[in-house]
Amino acid sequence: MIPSYKRSPRSIPFVSRPHWSRCLIAICATLCITGAQATPSDPERGRYLVEALMACDNCHTPRTSDGYVHAKRFSGGTQLFSDKDYSVRGSNISPDLETGVGAWSDAELGAAIISGVNPKGRLAPVMPSESYRALTPSDLDAVVAFLRSIPAVKSTLPPQERHGALEPRRATPGAERPFSEKDLADPIKRGLYVASLSRCMSCHSSDVDGAPDPVGHLGQGGRIFRTPAGVAVASNITSHPTKGVGAWSVDQLKRAITQGTDRDGRPLAPTMANLSKAHFSRMTEEDLDALIAWLRTVPPE
Ligand code: HEC
Ligand code: HEC
């Protein structure tokens, strides 16, 4: 069931659950025998999280002006992210054994996703693990199961360059730790979960010292995005009635998030619009309602 893997010499207590995995295998075996439906890790749930919220493709799948190159899904991103501390592309995270992450253990994959480290050390903070740290343990398992289920693509990227301290970025307040299933039953907490996994506040909080500051400037906008399609400035999405989106109706907000339009229905710049069309348009009504309920709680600034 779990593909063979090499064990990491480093122990990562946060996600290393060998004992758990043995339990899960035992539970699965029992359920398979009794014919029950439940599965410990659900790749379809993982697909939903990746495709509707977490948008791994955005950095890890090659792109042309027509959008993602689906035949090379997760074989490495087109965009180069450079800073004084790094010059990196989204890595090959397809299950190819040599050029992708096919030989990684579940714990290693989990650590890259929620702690921003690979077996050799810290990743550049462009890999938004601070947004994914909120994943419930079963949702993290589901994401890993989904990654393992897609076709392997052989593709070697140019070497990644990293120097300096590679400071991790700050999480959205309240989303610094894994959520529980009980948290997800509370609409406001569920909304924060959706916002964190969808990175809303990593883009929409203002930059301080070159990194988004969701703690002091939550949702206040101003980050600049330079892409081949042009320059875009992230909007203020606090509940402020004039500077933010406090006076927008629920329908205007839903349309902005799922179709990438401004309050009047005109298309937003690609940084937001592409995410909306390729990913956020797939959000369930329940998640979208929860997201908007939480957005309304972001203090007006
Ligand atoms: C905003 C861009 C971005 C998004 C979104 C993103 N990543 Fe990454 N990811 C990166 C970059 C850039 C790297 C390479 C960092 C480095 O090498 O220092 C990386 C590295 C990784 C690695 C380590 C691979 C290696 O060989 O070291 C894994 C695993 C990974 N990402 C998985 C994911 C998954 C799964 C998702 C979605 C749930 C995701 N990433 C979303 C940018 C992103
Ligand atoms: C990769 C960065 C990025 C992510 C992630 C992102 N946005 Fe945006 N968003 C932007 C940018 C940039 C704009 C401004 C586009 C423009 O000016 O045309 C924008 C515009 C918006 C607008 C329109 C506001 C206005 O005044 O017109 C809303 C609403 C919005 N985003 C909400 C969200 C929500 C909610 C999420 C999470 C589900 C999210 N965004 C995720 C970058 C992002």
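Which residues does serine 129 touch, not counting residues up to four places away in sequence? I'll come back to that in the last points, after a walk around the two ligands. Bear in mind that this is a predicted model.

1. Let's start with ligand 1. It has 25 residues around it, and the closest are Cys56, Cys59, His60, Met127 and Arg162. By type, that shell splits into 17 nonpolar residues, 5 polar ones and 3 charged ones.

2. Several polar contacts reach oxygen atoms of ligand 1. Asparagine 118 puts a polar side-chain atom 2.9 Å from an oxygen of the ligand. Alanine 124 uses its backbone instead, with an N or O atom 2.8 Å from a ligand oxygen. For glutamine 160, a side-chain N or O atom lies 3.3 Å from an oxygen atom of ligand 1. As for the elements that give two or more residues to this shell, they are α3 (57-60), β4 (86-89) and α4 (106-115). Helix α4 gives the most, with 3 residues.

3. Now look at the iron atom of ligand 1. His60 coordinates it through NE2 and Met127 through SD, at 2.0 to 2.2 Å. The site has 6 donor atoms, with angles of 86 to 179° among them, and is octahedral.

4. Is histidine 60 buried or exposed? It counts as buried, because its relative accessible area is 10%, and the cut-off for buried is under 20%.

5. On to ligand 2, which is surrounded by 22 residues; Cys200, Cys203, His204, Ala269 and Met272 are the closest. Here the shell divides into 16 nonpolar, 4 polar and 2 charged residues. At least two shell residues come from each of α9 (200-204), β11 (230-233), α10 (250-259) and α11 (270-278).

6. A side-chain N or O atom of histidine 204 is 2.8 Å from a nitrogen atom of ligand 2. Alanine 269 has a polar backbone atom 2.6 Å from an oxygen atom of ligand 2.

7. What about the iron atom of ligand 2? Its protein donors are His204 (NE2) and Met272 (SD), 2.0 to 2.3 Å away. The arrangement is octahedral because the 6 donor atoms subtend angles of 87 to 180°. This pair also links distant parts of the chain, with histidine 204 in helix α9 and methionine 272 in helix α11, 68 residues apart.

8. With a relative accessibility of 5%, serine 129 counts as buried, since buried means under 20%.

9. And the opening question? Leaving out residues up to four places away in sequence, serine 129 touches Ala112, Ile113, Ile114, Ser115 and Gly116. One of these, glycine 116, also has its backbone nitrogen 3.3 Å from a polar atom of the serine 129 side chain.

Terms used
Residues are numbered from 1 along each chain as its sequence is written. Chains are lettered from A and ligands numbered from 1 in the order in which they are written. This is a predicted model: local features need pLDDT of at least 70, side-chain atom pairs count only at pLDDT 80 or more; totals for chains, interfaces and linings use all residues. Side-chain values use heavy atoms; hydrogens and water are left out. A residue is near a molecule or strand if one of its heavy atoms lies within 4 Å of it. A polar contact is a pair of N or O atoms within 3.5 Å; within protein, one must be able to donate a hydrogen and the other to accept it, and residues adjacent in sequence count only if both atoms are side-chain atoms. Helices (H or I, at least four residues) and strands (E, at least two) are DSSP runs, numbered from the N terminus. Ala, Val, Leu, Ile, Met, Phe, Trp, Tyr, Cys and Pro count as nonpolar, Asp, Glu, Lys and Arg as charged, and the others, Gly among them, as polar. Donors are N, O and S atoms within 2.8 Å of the metal (3.2 Å for Na, K and Ca); water is not among the atoms, so sites may look incomplete. Four donors count as tetrahedral if all angles lie between 85 and 135 degrees; four count as square planar and six as octahedral if opposite donors are over 155 degrees apart and all others between 65 and 115; anything else is irregular. Buried means under 20% relative accessible area, exposed over 50%, partly exposed in between (1.4 Å probe, protein chains only). Contact means heavy atoms within 4.5 Å.
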